[in-house]
Amino acid sequence: KVWNPLADDGDALRLAVKLHMDFTLSGERAAVAQAGSHFAQEYCNGDPYAATRRAIVRAAADIGKATP
């Protein structure tokens with residue numbers, strides 16, 4: 001099985017847990033944060049699951065860029 005957190009809810013959740021992320025849905029947006037320092041949000045456009053996965057991956061990329 002190929003790891004793909006953009007397409008697989010389980011992979012995205014494991015990534016969020018590993019990086020200690022918090023996430024929330026508010027109206028039409030999914031938002032993800034790690035201890036308030038790394039933040040990403042995505043519009044749902046009818047699919048809150050996909051928006052949450054995208055936000056998790058974007059926040060993880062931001063964390064990766066900030067890690068020496």
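Which helix is the place of R53 in? R53 sits in helix α2. Before I go on, a reminder that this is a predicted model.

I will stay with R53 for a moment. R53 counts as buried because its relative accessibility is 13%, and the cut-off for buried is under 20%. The side chain of R53 makes a polar contact of 2.6 Å with the side chain of D9. If we set aside the neighbours within four places in sequence, R53 is in contact with P5, L6, A7, D8, D9 and A12.

That takes us to the largest pocket. R53 and D9 are both among its lining residues. The space in this pocket is about 180 Å³. Besides R53 and D9, the lining includes A12 and L13, then F23, T24 and L25, and also P48, Y49, T52 and I56.

Where does the lining come from? Three elements supply at least two residues each: α1, residues 9–18; β1, residues 22–26; and α2, residues 48–66. Helix α2 gives the largest share, with five residues. By residue class, the lining has seven nonpolar residues, two polar ones and two charged ones.

Next, the strands. β1, which contributes to that lining, pairs with β2, residues 29–34, in the antiparallel sense, over five bridges.

The residues are H20 and N45, and each has a positive phi although neither is a glycine.

For H20, phi is about 55°. H20 lies in the loop between α1 and β1. Is H20 buried or exposed? H20 counts as exposed, because its relative accessibility is 62% and the cut-off for exposed is over 50%.

For N45, phi is about 50°. N45 is placed in the loop between β3, residues 38–43, and α2. With a relative accessible area of 68%, N45 is exposed as well.

To close, back to the starting point. R53 is in α2, is buried at 13% relative accessibility, and has a polar contact with D9 through the side chains. Both residues line the largest pocket.

How values were computed:
Residues are numbered from 1 along each chain as its sequence is written. This is a predicted model: local features need pLDDT of at least 70, side-chain atom pairs count only at pLDDT 80 or more; totals for chains, interfaces and linings use all residues. Side-chain values use heavy atoms; hydrogens and water are left out. On a 1 Å grid over the protein atoms alone, a cavity is a set of points where a 1.4 Å probe fits but cannot get out, and a pocket is an open set with protein on both sides within 12 Å along at least five of seven lines; lining residues have an atom within 4 Å of a point. Grid points are joined across faces, edges and corners, and a volume is the space filled by probe spheres set on the points. Helices (H or I, at least four residues) and strands (E, at least two) are DSSP runs, numbered from the N terminus. Ala, Val, Leu, Ile, Met, Phe, Trp, Tyr, Cys and Pro count as nonpolar, Asp, Glu, Lys and Arg as charged, and the others, Gly among them, as polar. Buried means under 20% relative accessible area, exposed over 50%, partly exposed in between (1.4 Å probe, protein chains only). A polar contact is a pair of N or O atoms within 3.5 Å; within protein, one must be able to donate a hydrogen and the other to accept it, and residues adjacent in sequence count only if both atoms are side-chain atoms. Contact means heavy atoms within 4.5 Å. Two strands pair if DSSP finds at least two bridges between them.
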